[in-house]
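Visitor: Can you walk me through this one? Keep it quick.

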Amino acid sequence: MSSLVLVFAVLAILLAVALIPFNLRQRRIMRAAAAASASQLEHIYQLVERTGSIASNGYILARTNETNDNPGCLIPIPAGLPDFPWAGKTIEVTRTDDVAFRFVDAAPAQPSLSGKVCRPLQVPRHQTTGTGQGRNAFAPEKYLAASEELEAALKQVCPGHPKELLSYLLCAGGESGEFEPIDQARIGASAAWAQSPKHQDCDVCGKRMTLVLQLPGTTIDRKHFHSGMFYLFGCVRHPEQLKSVVQHT
Ligand SMILES: [Zn+2]
């Protein structure tokens, strides 16, 4: 019995020792992000946007250090988004027992997720060589590979972990420096599925619907929806046709 306890104790200590550097790194990244000035973050976000080579078709909601008193989620969709009939409208996300999306008349300057103000960042997009179609780039390492200036700007905020800092800044729903697409809040672009894709078709025309909004549950309510991912889809031909999907990680 006592040897078993000893084995467990040793295992627990080994696990703790393995986790300490990870937790320290995570805390360092979060502290660095919290200490960054608004102009430092804005410079980083502009450099990320500049890595795209063709017009963007959506946004990632990036972190800022601004907060407001709005307890819910209020997300104005940038007016300039092409072929996106919901551009210029504002979505309110309400939570009771469930999560509901609705369009409202409010027109806040910036999106806010549970009191945290976000900066809509244009998803860098590129032309593929084969088909000539556009493809979105979401991975922070791709942005870093495309811009030395970006790496320098990130190192100014967090010298040891530029890539992890960028992951953290672009994953509003996550609390680590790991890049997880399912921790991203997005407007348009393409869905990061928590499980197998559940594409939606319009009930009127039968065509594949477009992603309007993707929100990690943690950005809506950290306690109740921490494992959920919420999606809103709409038809570009029939913008009033909307469907929401929930997936759990
Ligand atoms: Zn339709």
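Guide: L6 is exposed, because its relative accessibility is 56%. Exposed means over 50% relative accessible area, buried under 20%, and partly exposed in between, with a 1.4 Å probe and protein chains only. This is a predicted model: local features need pLDDT of at least 70, side-chain atom pairs count only at pLDDT 80 or more, and totals for chains, interfaces and linings use all residues. Residues are numbered from 1 along each chain as its sequence is written, and side-chain values use heavy atoms, with hydrogens and water left out.

Visitor: Which helix does L6 lie in?

Guide: Helix α1, residues 2–35, holds L6. Helices are DSSP runs of H or I with at least four residues, strands are E runs of at least two, and both are numbered from the N terminus.

Visitor: Switching to the metal. Which residues are the protein donors of the zinc ion?

Guide: C202 (SG), C205 (SG), C235 (SG) and H238 (ND1), at 2.1 to 2.4 Å from the zinc ion. Donors are N, O and S atoms within 2.8 Å of the metal (3.2 Å for Na, K and Ca); water is not among the atoms, so sites may look incomplete.

Visitor: How are the donor residues spaced in sequence?

Guide: The pattern is C-x2-C-x29-C-x2-H. C205 sits in the loop between β9 (186–188) and β10 (210–216), and C235 in the loop between β11 (228–234) and β12 (242–248), so this pair ties together parts 30 residues apart in sequence.

Visitor: C235, buried or exposed?

Guide: C235 is buried, at 0% relative accessible area. C205 counts as partly exposed, at 30%.

Visitor: New topic. How many disulfides in the whole structure?

Guide: The search finds 0. C171 is in none, and the nearest cysteine sulfur, that of C118, is 12 Å away. The cut-off for a disulfide is a pair of cysteine sulfur atoms within 2.5 Å. C171 counts as buried, at 2% relative accessibility.

Visitor: Last one. Where does P78 lie?

Guide: In the loop between β2 (73–76) and β3 (90–95). P78 counts as buried, at 18% relative accessibility. Its C-alpha atom is 9.2 Å from that of G58, 20 residues apart along the chain.
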